[in-house]
Amino acid sequence: MIPVTRNHAERARMMAALEPYEQRLRELKRAATTAHHLLMAVSEERRELISERNRLKSYVDANASIDNRTNPQGLPALDEHASVRNARLDLAALERRLQEVEKLYSEAQDAWRPQCQLVTRCEEFLNDHGPRLAARA
Amino acid sequence: MDTRTMRTIEQIRERIITLQDEREELARAWPSEMECREGIAEHVKMLARGGLAQLGAADLRKGRIDARHVDPLCLLAVFDPERLATQLADMALAEFPDPGLSAEDRAKRLAKLESDLLAAEVDEERMIRKSPIPIIRRGDARPEIVLAPDLENSAALAA
């Protein structure tokens, strides 16, 4: 019984000594998780924008010759012209937004990668050196 | 305040990068001439052992030497090691005339660099913790500093 008790007491002492380090690791993990959520959100918006851009681009490309098209009476097909013109405007606005989102996406990646890397290194550090740190405390 | 903090952290990071580069350069620095000669002499001894093994120690004792299948460099190392070592060292030193660093000097400079690097990284972490805005840490920051509850005891961090 005594060795078991002693082990438990030693383990409790080690855990208490390491708690401040664990606390800091939890904070780092929270920051990394937040950065990851942000990256996911931006990534989702980017994906949607790219999909919408491709759809509009296909439509605009398919109707590239609309300016020369006429209705059966030989007059310009105004309805079709308006629809394609709107699609062109939407596409231009969407391209602008996509550029902004690409920049945000790059920034979000730059924010997440180092934090993720650091969390992994800190976990490995605590696994490898935890007992030494606890003994020094 | 925020801009000043960011600027200070940028400066500290520039210093960290410079110190890391210096450390890498130090690791690549040539050994001193004496260490180079000693290292080559050791290598020649190793070649001689290989040469003896190839010749067959038992055959040598009986005075029978068949050197047809033995590496010529190993043969030279067996029969004239000093000359081979000197010639190899002279060739190496002629090709790389850099004066090099002795192990002692290298250790001293490395210790100084490590100490400066530790101080810079502790400063960086202190600034990040004090900053009112969240600042992203470097991916290669030292875990022992990032996780340390008390940054003041930097000597303990180095241990």
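Is E44(A) buried, exposed or partly exposed? In this predicted model, E44(A) has a relative accessible area of 35% and is therefore classed as partly exposed. The residue takes part in a salt bridge with R47(A), in which the closest N and O atoms are 2.5 Å apart. Both partners belong to helix α1 of chain A, which covers residues 2–62. They are three residues apart, or about one turn of the helix.

Side chains of opposite charge can pair when their charged atoms come close.

In chain B, a salt bridge joins E124(B) to R13(B), with an N to O distance of 2.6 Å. E124(B) is located in helix α6 (residues 103–130) of chain B and R13(B) in helix α1 (residues 2–28) of chain B, so the contact ties together parts that are 111 residues apart in sequence. E124(B) is buried, because its relative accessible area of 4% falls under the 20% limit.

A further salt bridge in chain B is formed by the side chains of R142(B) and E114(B), at 3.6 Å from N to O. Here too the pair links distant parts of the chain, the two residues being 28 residues apart. R142(B) is assigned to the loop between α6 and α7 of chain B, whereas E114(B) is in helix α6 of chain B. R142(B), at 16% relative accessibility, counts as buried, while E114(B), at 28%, counts as partly exposed.

These two chain B pairs are part of a network of salt bridges. The network links R13(B), R23(B), E114(B), E121(B), E124(B), R138(B), D140(B) and R142(B).

Cysteine pairing was examined over the whole structure. A disulfide is a covalent bond between the sulfur atoms of two cysteines. The search returned zero disulfides over all chains. For C122(A), the nearest cysteine sulfur is that of C116(A), 12 Å away, and C122(A) is in no disulfide. C122(A) is buried, with a relative accessibility of 0%. In chain B, C36(B) is likewise in no disulfide, the nearest cysteine sulfur being that of C74(B) at a distance of 20 Å. Because two sulfur atoms must lie within 2.5 Å to count as a disulfide, the 20 Å separation excludes C36(B) and C74(B) as a pair. The relative accessible area of C36(B) is 18%, so this cysteine is classed as buried.

Methods: Residues are numbered from 1 along each chain as its sequence is written. Chains are lettered from A and ligands numbered from 1 in the order in which they are written. This is a predicted model: local features need pLDDT of at least 70, side-chain atom pairs count only at pLDDT 80 or more; totals for chains, interfaces and linings use all residues. Side-chain values use heavy atoms; hydrogens and water are left out. Buried means under 20% relative accessible area, exposed over 50%, partly exposed in between (1.4 Å probe, protein chains only). A salt bridge is a side-chain nitrogen of Lys or Arg within 4 Å of a carboxyl oxygen of Asp or Glu. Helices (H or I, at least four residues) and strands (E, at least two) are DSSP runs, numbered from the N terminus.
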